[in-house]
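Subject: Structure handover

Hello,

Here is the structure I promised to pass on. Please open it first, then read the notes below it.

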Amino acid sequence: MKHLTEPAYIRWTLIIVALLFLGLFLILPLVAVFTEAFRQGAEVFVASITEEETLSAVKLTLLVAAISVPLNVTFGIAAAWAIAKFSFPGKNVLLTLIDLPFAVSPVIAGLIFVLLFGSQGVAAPLLAEWDFKIIFAVPGIVLATTFVTFPFVARELIPVMEAQGRDEEEAAVSLGASGWKTFLRVTLPNVKWGLLYGVILCNARAMGEFGAVSVVSGHIRGMTNTLPLHVEILYNEYQFAAAFAVATLLAALALVTLILKSLIEWKTERQAKLDEEQHYDVTGERAG
Amino acid sequence: MSIEVVNITKSYKSFTALKNVNLHIPEGELVALLGPSGSGKTTLLRLIAGLEQPQEGSILFNGEDNTNRDVRERQVGFVFQHYALFRHMNIFDNIAFGLSVRSRKTRPSKEEISEKVHSLLKLVQLEGLAHRYPSQLSGGQRQRVALARALAVEPKFLLLDEPFGALDTKVRQELRRWLRHLHGKLGLTILFVTHDQEEAMELADQVVVMNEGRVEQVGSPEEIYHHPANPFVYSFLGRVNLFHGRIQNGKIKLGEAEFETDWKDKAVEAPAVGYMRPHDVEISLRPPEGKSARSVQAEINHISLLGPIVRLDLKRLDTEEVFEAEMSRQRFMELNVEEGSIVYVTLHNVSIYVDSQPVQTHRTALVPLQASV
């Protein structure tokens, strides 16, 4: 197949360009984050990440992810199920709406919530009556994060579910299974890798979101600071070593996410191959 | 259990899949729904199963109305075209599924389920494969797993959608024989969809021929083959030759060939079409004895040797219409003809249909006449 490949010099040029690009924009910054974090020694690093305000930022970030990820998983599965397995009027509108958070700038998303729930907002009188704070408080951060990470799970599941069709669900129902049992025992196991992939991406974004959260949080130290906001504050206060130390936590999260992501991709590819065999290789007497 | 389909109409946004379909399937029979793709046969099967809802009409099981009953309550065994096995479950769990999803009150014990699954595996001759996954089985094996899974819930009858469509010829023939055997053993009503007329003829007690959302004819394989109700059924059930002609003075003229009819109205003059099977074409080297009006001359264009039979492509010298003839290899040897030979052809068993309303409809009315001796 030699005639189908490009000459060696073109191949090498392309590879080197890609590697240079990767190195410059991905690996170099990552290395920089870690070197800067350890510039003043491991002690400063440890001190920075065990500082009280940092710990509270970690806690808040985890709390926000722990609320918004399950919410979006529930919603994403429901939406994907409805869209992939049923036909109903307004399906395309729903599909477009799911993509909305990707299309809107996160800052705008944050502002929407300020306009709705802020002290001058539409819902302000009600909130004042109940003495419930959303903006510059944890609920606002959760809302903004949930909004921004809304599409991840649904977007991952819809193509997987659509590709699998309705045959297995129909088979389950014809065998007497209820809708819920069909979902639990047939639909869900078939999409588990796609679902996990969506959850991991959703989680990464929920923990790393800056723009929308920045608008609604109010940057109250030890109260409404998430990890990305905390990094920014430390940096603005010229505490570079501390800022980078905290940034390593987020960088580590990114690395773990990437590793999990490629593991799952490998798994799903393998499953897709098996499924394909099942679908097309129905004529051969393979197994004895 | 008998199935009754009454006045069913089903339409989708842009087309009508079934128009006023009526059908009665007696208990214990093996019935084929035969038709080209798009004829509505799969839709009818899915309506009976409850996977689709009709716009009009009703579906009765043993006289009991099931039209508005949910799929899960109908207790129907449905085998899907691509089997729809649960890909993440092994064969055991696939077959056990229908029993294990029952509510706690009606669910059999683990031991009972296991016993049932193993007896079904034995029935479908797949013992020892209980722990394999669907992707590890061949097409024929998957088909049998799908059947076992449907049988596990002890359905009132079995519905099979193109059961052998995706299998190669050899496996298909084995499975056909096996299904016939299974039907004899279980005595269950079985309704299956197929587009393969040979499959329908070989397997079924009754064949329902469908076309464009309508039932064209219902009958035993013998009946529909030898007494097709209309040209569609005639041409769908095997190879067919078509001759165009006219009805005149109560006689049908197809080129130089002439056929007497019992057509009373001698004044009618209309286009007529004669249908005949290739194996009813008799070929001889000399003109047939006596003056036969059903004999014409033809030239052999091509000879295909197909094992035990020989197929000739011929062209009539009078009308230039091309047609086929089939004969045994032995008869072909006796004739000793080759491509280009001119032979005498006698047309037996011609079914003639007169287009009674050529403008308004494509469907032709059957003239009550079989032009055989």
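Start with chain B. Its secondary structure comes to 10 helices and 21 strands. Keep in mind that this is a predicted model.

**Confidence**

The predictor gives the complex an ipTM of 0.80 and a pTM of 0.77. For chain B the mean pLDDT is 87. In that chain, 92% of the residues reach 70 or more. One stretch needs care: pLDDT stays under 50 over residues 357–373 of chain B. The model has 29 contacts beyond four places in sequence for that stretch. Where pLDDT is low, the predicted coordinates should not be read in detail.

**Chain B overall**

Chain B has 373 residues, and 40% of them are buried. Its C-alpha trace spans about 80 × 45 × 35 Å along the principal axes. Take the contacts in chain B with a separation of 6 or more: 64% of them join residues 24 or more positions apart.

The chain is divided into two parts, domain 1 (3–235) and domain 2 (240–370). Their C-alpha centres lie 39 Å apart. Where they meet, 6 residues of domain 1 are in contact with 7 residues of domain 2. The domain 1 side of this contact has 4 nonpolar residues, 2 polar and no charged.

UniProt, in an unreviewed entry, lists "domain: ABC transporter" at residues 3–237 of chain B. Over those residues the chain is 37% helix and 25% strand. The end C-alpha atoms of that stretch are 25 Å apart.

**The cores**

Which residues have the most contacts inside the largest nonpolar core? They are B:A32, B:L159, B:L191 and B:V208. This core has 78 residues. Helix α5 (residues 139–152) of chain B gives the most to it, with 7 residues. A second, separate core has 56 residues, including A:A80, A:F117, A:I134 and A:L229.

Leaving aside neighbours within four places in sequence, B:L191 is in contact with B:I3, B:I25, B:V31, B:L33, B:L45, B:F157 and B:L159.

**Helix α1 of chain B**

Just after the helix, B:G50 takes a positive phi of about 95°.

**B:M210**

Next, look at strand β9 (residues 206–211) of chain B, which holds B:M210. Is B:M210 buried or exposed? It counts as buried, because it has 27 C-beta neighbours inside 10 Å; the cut-off for buried is 20 or more. B:M210 and B:G40 are 170 residues apart along the chain, yet their C-alpha atoms are separated by 7.3 Å. Not counting residues up to four places away in sequence, B:M210 touches B:L33, B:L34, B:G35, B:S39, B:G40, B:K41, B:V215 and B:E216.

**Chain A**

Now the partner chain. The domain assignment of chain A gives domain 1 (1–37) and domain 2 (41–280). The C-alpha centres of these two lie 31 Å apart. Between them, 5 residues of domain 1 are in contact with 8 residues of domain 2. The domain 1 side has 4 nonpolar, no polar and 1 charged residues.

UniProt places "domain: ABC transmembrane type-1" at residues 58–261 of chain A, again from an unreviewed entry. Over that range the chain is 79% helix and 0% strand. The end C-alpha atoms there are 23 Å apart.

**Where the chains meet**

Best wishes

Methods: Residues are numbered from 1 along each chain as its sequence is written. Chains are lettered from A and ligands numbered from 1 in the order in which they are written. This is a predicted model: local features need pLDDT of at least 70, side-chain atom pairs count only at pLDDT 80 or more; totals for chains, interfaces and linings use all residues. A nonpolar core is a set of buried Ala, Val, Leu, Ile, Met, Phe, Trp, Tyr and Cys residues joined through C-beta atoms within 7 Å. A residue is buried if 20 or more other C-beta atoms lie within 10 Å of its own, exposed if 12 or fewer, and partly exposed in between; C-beta atoms are placed from the backbone. Helices (H or I, at least four residues) and strands (E, at least two) are DSSP runs, numbered from the N terminus. Two residues are in contact if their C-beta atoms, placed from the backbone, lie within 7 Å. UniProt positions are given in the numbering used here, feature names are shortened, and annotations may be inferred rather than shown by experiment. pLDDT is the predictor's confidence in each residue, from 0 to 100. Domain bounds come from an automatic or database domain assignment. Ala, Val, Leu, Ile, Met, Phe, Trp, Tyr, Cys and Pro count as nonpolar, Asp, Glu, Lys and Arg as charged, and the others, Gly among them, as polar.
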